[in-house]
Amino acid sequence: MEERLLKHVDLLIKRYPCLEECRQDIIAAYELLEKCYSDGNKLLVAGNGGSCADSEHIVGELMKGFKLPRKCSAEYAEKLKAVDPVRGAELAMRLQGGLPSIALDGHQGLNTAYINDVENGGLLMYAQQVNGYGKAGDIFLGISTSGNSKNVMYATVVAHAKNMKVIGLTGAKGGELAKVADVVIKVPETETYMIQELHLPLYHTLCLMLEDRFFG
């Protein structure tokens, strides 16, 4: 892996030495994500509570500029202006490159309809969205501090059935998610809030690596 990408992992571990034991899993997760985006695929993310908020946070870092401006290419800028000279010019100046990603918690109309209409819909709503959005080559990122979140686990079954990869982000115990994920990053804490405190800098690092790779 290029040094400019590994430097982000090195800085993460310098700031959070306890994550040294996660180094190879972080790199493995990044490599799956890089292949996913290189092949033109997308990321689906889900969690509950604080991990639900983390899902939205991750999408926010991937779908717009994080540290880099991600300016439009000259070719794309000209296409925008050809469609509408005035609006296109502003779009060419303001739009930022995005890495396609969807947080599955955010679709309230769909999720509440599914919960209302389908038995056990609350447990299956993430699985339903993976079923609808997912395709071979995509990635499902399941965030669960225990590794045992039922709705996340149902979603992993659908993801694998659709030939998607699964990345798990958990605490030290790993739970059921660690047994089924293609890559799992188990941060070395067992208290929920402490796990979440380590998840944030970890997924920031993955987002920084992806931005450097695709927009650096």
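Q: Which handedness does the crossing of α1 and α10 have?
A: In this predicted model, the axes of helix α1 (residues 3–15) and helix α10 (residues 192–215) come within 9 Å and cross at roughly 165 degrees. Angles over 145 degrees count as roughly antiparallel, so α1 is roughly antiparallel to α10. The handedness of the α1 and α10 crossing is right-handed.

Q: What is the orientation of α6 to α7?
A: Helix α6 (residues 108–117) packs against α7 with the axes 8 Å apart, at an angle of about 130 degrees. The crossing of α6 and α7 is right-handed. An angle over 145 degrees would count as roughly antiparallel, and 65 to 115 as roughly perpendicular. The angle of about 130 degrees therefore makes α6 to α7 oblique.

Q: How many residues apart in sequence are the parts that Asp138 and Lys42 tie together?
A: Asp138 forms a salt bridge with Lys42, with 2.7 Å between the closest N and O atoms. Asp138 lies in the loop between α7 (121–133) and β3 (139–143), while Lys42 lies in the loop between α2 (23–38) and β1 (43–46), so the separation in sequence of the parts tied together is 96 residues.

Q: Are Asp138 and Lys42 buried or exposed?
A: Buried means under 20% relative accessible area, and exposed means over 50%. The two residues, Asp138 and Lys42, are joined by a salt bridge. Both of these residues, Asp138 and Lys42, are buried.

Q: Which partner does Asp39 have in a salt bridge, and how far apart are the closest N and O atoms?
A: Asp39 has 44% relative accessibility, so Asp39 counts as partly exposed. The partner of Asp39 is Lys35, and the closest N and O atoms are apart by 2.8 Å.

Q: In which helix do Glu78 and Lys81 both lie?
A: Glu78 forms a salt bridge with Lys81, the N and O atoms that are closest being 3.5 Å apart. Glu78 is partly exposed because its relative accessible area is 48%, and Lys81 is partly exposed because its relative accessibility is 33%. The two residues are three residues apart, about one turn of the helix, and both lie in α4.

Q: How many salt bridges does the structure hold?
A: Among the pairs are Asp39 with Lys35 and Glu78 with Lys81. Asp10, Glu20 and Arg23 are linked in a network of salt bridges. The number of salt bridges in the structure is 11.

Q: What accessible area do Tyr76, Leu91 and Leu95 have together?
A: Tyr76 is placed in helix α4 (residues 74–83). At 40% relative accessibility, Tyr76 counts as partly exposed, and residues in a patch need over 30%. Tyr76, Leu91 and Leu95 form a nonpolar patch on the surface, and together their accessible area is about 240 Å².

Q: What distance separates the C-alpha atoms of Arg94 and Cys72?
A: Arg94 is in helix α5 (residues 85–94). With a relative accessible area of 57%, Arg94 is exposed. Along the chain Arg94 and Cys72 are 22 residues apart, and their C-alpha atoms are separated by 8.4 Å.

Terms used. Residues are numbered from 1 along each chain as its sequence is written. This is a predicted model: local features need pLDDT of at least 70, side-chain atom pairs count only at pLDDT 80 or more; totals for chains, interfaces and linings use all residues. Side-chain values use heavy atoms; hydrogens and water are left out. Patches are made of residues with over 30% relative accessible area and no salt bridge: like charges are joined within 9 Å, nonpolar side chains (Val, Leu, Ile, Met, Phe, Trp, Tyr) within 5 Å. Accessible areas come from the Shrake-Rupley method with a 1.4 Å probe; for residues, only the protein chains shown count as cover. A salt bridge is a side-chain nitrogen of Lys or Arg within 4 Å of a carboxyl oxygen of Asp or Glu. Helices (H or I, at least four residues) and strands (E, at least two) are DSSP runs, numbered from the N terminus. Buried means under 20% relative accessible area, exposed over 50%, partly exposed in between (1.4 Å probe, protein chains only). Axes are lines fitted to C-alpha atoms, for helices over the stretch in contact, and angles run from 0 to 180 degrees between N-to-C directions. Angles under 35 degrees count as roughly parallel, over 145 as roughly antiparallel, 65 to 115 as roughly perpendicular and the rest as oblique. A crossing is left-handed if the near helix is turned anticlockwise from the far one by less than a right angle, and right-handed if clockwise.
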